[in-house]
Amino acid sequence: MVDSMGSSVCSQPVVVNTGDGGQDGLLVFVAKQLVAVLVLLEGRHNLDTSLHGKWFLEAGFGPCQDWNKGQIFTTREEAIVWIQDQVLIDGGGI
């Protein structure tokens, strides 16, 4: 995936230890720099069932450090678009 500024966006699946055991996650890189860690919200945890299958911004770095606002995305693609937008808003500081 490539953003409009030409910086490459790529992701790598990982298992994230969130304190409740391992959860499927995704490392997201822009221009080879880690900018976000996403976690797939699953039913095995006592979550509101409306959140199951959605993606949570577990950690954000640089232009994505807005993670403390509890960003939740319906799809992985939606999360990546948000990440790209944050990099663009930041002026492509990567």
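Two strands count as paired if DSSP finds at least two bridges between them. Strands here are DSSP runs of E, at least two residues long, and helices are runs of H or I, at least four residues long, both numbered from the N terminus. By that rule β4 and β5 pair, running antiparallel with two bridges. This is a predicted model, so local features need pLDDT of at least 70, side-chain atom pairs count only at pLDDT 80 or more, and totals for chains, interfaces and linings use all residues. Residues are numbered from 1 along each chain as its sequence is written, and side-chain values use heavy atoms, with hydrogens and water left out.

**Sheet**

- Five strands form an open sheet in the order β1-β2-β3-β4-β5, with antiparallel pairing.
- β1 (9-17) and β5 (72-73) are the edge strands; each has a single partner, so one side of each lacks a neighbour in the sheet.
- Nine bridges join β1 to β2 (residues 22-30) in the antiparallel sense.
- Val15 has Asp24 of β2 as its bridge partner.
- β3 and β4 run antiparallel and share five bridges.
- Val37 is bridged to Ala59 in β4.
- Trp55 has its bridge partner, Phe73, in β5.

**Helix α1**

- α1 covers residues 76-89.
- Its 14 residues should span 20 Å at 1.5 Å a residue, and the end C-alpha atoms are 20 Å apart, which agrees.
- The expected span is 1.5 Å times one less than the number of residues.
- Buried means under 20% relative accessible area, exposed over 50%, and partly exposed in between (1.4 Å probe, protein chains only).
- Ala79, Ile80, Trp82, Ile83, Gln84, Gln86 and Val87 are buried in α1.
- An α-helix has 3.6 residues a turn, so residues three or four places apart point the same way.
- The buried residues of α1 pack against β1, β2, β3 (33-40), β4 (55-60) and β5; contact means heavy atoms within 4.5 Å.

**Gln86**

- Gln86 sits in α1 and counts as buried because its relative accessibility is 13%.
- Leaving aside residues up to four places away in sequence, Gln86 touches Pro63 and Cys64.

**Cysteines**

- Cys64, the contact of Gln86, is buried at 0% relative accessibility.
- Cys10 is partly exposed, at 41% relative accessibility.
- A disulfide is a pair of cysteine sulfur atoms within 2.5 Å; by this rule the count is zero.
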